[in-house]
Amino acid sequence: MPSAQPPASLTSSSSEASYSPVPATNPDDRDDRSSTTPTAAAASKQVASSSASQDKDKPRLTEQEKKNNHIASEQKRRAAIREGFDRLTELVPGLEGQGRSESIVLKKTVDFIHLKLQERQELIAEIERRGGRIDDTFQTRPDPDRT
């Protein structure tokens, strides 16, 4: 029984990347890129049609699987929110060691940011008062009255 031979395009030592579904017998035939070489559109159509057929072969999720996936997604979302609030309690002074009420964490975080923005404005004013100049990228002055 004859052994299976790889296509000529795979065994050629040429550095040129070529695709030919029929092994070329004449080296000059490989340069002819007529109907034997698929275009990018044709190649993507093949991939799309093969993935579409795979989608048809895939079993659909049962209602219980959908419900379990939804529950898992919701738990992941809640965990991310919880981690965010935990991080805020680490960053904002006065929130360490307290029971976590999300409304209190948010209120104190907003108050802390307003305080930092006010301190920033005061520092910019002090630098300018002493004759210093602030780069325009740092000159943006948020409205302190905005809540």
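The legends below describe close-up views of a predicted model of one protein chain.

View 1. Among the contacts between residues at least 6 apart in sequence, 5% join residues at least 24 apart.

**View 2. The crossing of helices H3 and H4.** Two packed helices are described by the angle between their axes and the distance between the axes. Here the axes of H3, which spans residues 63-91, and H4 come within 10 Å and cross at roughly 45°, which means that H3 is oblique to H4. The crossing of these two helices, H3 and H4, is left-handed. Where they meet, H3 contributes Phe-85, Leu-88, Thr-89 and Leu-91, and H4 contributes Glu-102, Val-105, Leu-106, Thr-109 and Phe-112.

**View 3. The surroundings of Thr-109.** Thr-109 lies in helix H4, which covers residues 102-129, and is one of the H4 residues that meet H3. Because its relative accessible area is 10%, and buried means under 20%, Thr-109 counts as buried. The side chain of Thr-109 reaches the backbone oxygen of Val-105 at 2.6 Å, and Val-105 is itself among the H4 residues that meet H3. If neighbours within four places in sequence are left aside, Thr-109 is in contact with Leu-88, Val-92 and Leu-95.

Conventions. Residues are numbered from 1 along each chain as its sequence is written. This is a predicted model: local features need pLDDT of at least 70, side-chain atom pairs count only at pLDDT 80 or more; totals for chains, interfaces and linings use all residues. Side-chain values use heavy atoms; hydrogens and water are left out. Helices (H or I, at least four residues) and strands (E, at least two) are DSSP runs, numbered from the N terminus. Buried means under 20% relative accessible area, exposed over 50%, partly exposed in between (1.4 Å probe, protein chains only). A polar contact is a pair of N or O atoms within 3.5 Å; within protein, one must be able to donate a hydrogen and the other to accept it, and residues adjacent in sequence count only if both atoms are side-chain atoms. Contact means heavy atoms within 4.5 Å. Axes are lines fitted to C-alpha atoms, for helices over the stretch in contact, and angles run from 0 to 180 degrees between N-to-C directions. Angles under 35 degrees count as roughly parallel, over 145 as roughly antiparallel, 65 to 115 as roughly perpendicular and the rest as oblique. A crossing is left-handed if the near helix is turned anticlockwise from the far one by less than a right angle, and right-handed if clockwise.
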